[in-house]
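Please look through the structure shown here, slowly and with its sequence at hand. The paragraphs after it are meant to be read alongside the picture.

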Amino acid sequence: MDEIDKPEDIVLETRALTRVYGERVPVKALDGVDLRIKRGEVVAIVGPSGSGKSTLLNLIGALDRPSSGEVIVNGTPISQVRNLDRFRGQTIGFVFQSHNLLPTLTARENVEVPMYELAISGSQRRRRALELLALVGLAKRGDHLPNQLSGGERQRVAIARALANQPAILLADEPTGNLDTKNTAEIMALLGRLNREQNVTLVIVTHNTEVSAAAQRVVTIRDGKIQRDVQLASELERELIELKSSALGQAILRGDELPAGLHEIAPQLHDLLERV
Ligand SMILES: Nc1ncnc2c1ncn2[C@@H]1O[C@H](COP(=O)(O)OP(=O)(O)OP(=O)(O)O)[C@@H](O)[C@H]1O
Ligand SMILES: [Mg+2]
């Protein structure tokens, strides 16, 4: 069944997007990619090393120009944008694998950097930077330099910085690549919360299966082409699947005696678990 999207629902679109690197020995890093991403979607971009994931992200974020094809953001073709710096600053936030914070600036000052594009006073800038640091759980770390923070904390500062101009779209290239499992889970929880509460559209390049499992949609790139584009289950379905594989879920399915409180709803839960 074809799903018809209203044009205003599409926040990001690529049409026959192609990028060829080099002239003497051309490498077709991206080869005719058509992609439509809706407002508020969480999309993971996966695929082998060298398949074109970063190339795609850089083109979407207007950090690079296509050899042919087009990127359309909020209905505007990027090729028609006059002031790319301002466009990027107002629409798109970036988080990279190496958070590239400026080492001589504090966490708060790093978050303030993109706000210099905005017509706001120094005190407003500071206030907003502190709000963003609080949002990522670093309210008390504003005066710390990057080398006084852990890797996960630095990545959270980078996310706060990416959100400084309230972008509609957050692009992240291996945002958890340098992090351990616990920090990866925290960063993903944070990104998920931003998506739900602020309706930020997330496009995340990742090698990490936990990260792609947290997405609603997984796009697989191979040899510069989209190989697969899969819509995952809803959040509720995913939680039910998780419950089903837990000890409690198994007990419910077996019809074991359950603790008071759960006992009453066990039949309904049993039916739900059988359906996922
Ligand atoms: N600046 C460049 N000049 C020439 N070739 C490049 C350049 N950047 C990337 N490539 C080539 O384009 C292809 C796609 O690279 P890209 O960085 O997009 O891959 P990737 O999927 O992000 O890989 P990884 O998972 O290793 O980060 C590769 O073959 C790469 O060698
Ligand atoms: Mg890459």
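This is a predicted model: local features need pLDDT of at least 70, side-chain atom pairs count only at pLDDT 80 or more; totals for chains, interfaces and linings use all residues.

Residues are numbered from 1 along each chain as its sequence is written, and chains are lettered from A and ligands numbered from 1 in the order in which they are written.

The protein chain has ten helices and ten strands, where helices (H or I, at least four residues) and strands (E, at least two) are DSSP runs numbered from the N terminus. Its C-alpha trace spans about 65 × 50 × 35 Å along the principal axes. Of the 276 residues in the protein chain, 35% are buried; a residue counts as buried if 20 or more other C-beta atoms lie within 10 Å of its own, as exposed if 12 or fewer do, and as partly exposed in between, with C-beta atoms placed from the backbone.

Six strands form an open sheet with mixed pairing, in the order β6-β7-β8-β3-β9-β10, two strands being paired if DSSP finds at least two bridges between them. Because β6 (92–95) and β10 (225–231) each have a single partner strand, they stand at the edges, and one side of each is left without a neighbour in the sheet. On average, neighbouring strands of this sheet are turned by 15 degrees against each other, direction ignored. Strands β3 (residues 42–46) and β9 (residues 217–222) run parallel and are joined by four bridges, and the bridge partner of isoleucine 45 in β9 is valine 219.

Helix α1 packs on this sheet, where it touches β3, β7 (169–173), β8 (201–205) and β9, and its direction makes about 150 degrees with that of β8. Helix α5 (residues 151–162) also packs on the sheet, touching β6 and β7, with a direction at about 165 degrees to that of β6. Contact here requires C-beta atoms, placed from the backbone, to lie within 7 Å, and angles run from 0 to 180 degrees between N-to-C directions, with axes fitted to C-alpha atoms, for helices over the stretch in contact.

Elsewhere, the axes of helix α9 (residues 247–254) and helix α10 (residues 266–275) come within 9 Å and cross at roughly 105 degrees. Gly249, Ile252 and Leu253 in α9 meet Ala266, Leu269, His270 and Leu273 in α10.

Turning to the ligand, β2 (27–38) and α1 (53–60) each supply at least two residues of the shell around ligand 1, and the largest share, three residues, comes from α1. Among the residues surrounding ligand 1 are Tyr21, Val27, Gly50 and Lys53, a residue being near if its C-beta atom, placed from the backbone, lies within 6 Å.

Most residues other than glycine have a negative phi. Alanine 16, although not a glycine, has a positive phi of about 45 degrees; alanine 16 lies in strand β1 (residues 10–21) and is exposed, with 12 other C-beta atoms within 10 Å. Alanine 62 has a positive phi of about 60 degrees, and alanine 62 is found in the loop between α1 and β4 (68–73), where it is partly exposed, with 18 other C-beta atoms within 10 Å.

Key: Two residues are in contact if their C-beta atoms, placed from the backbone, lie within 7 Å.
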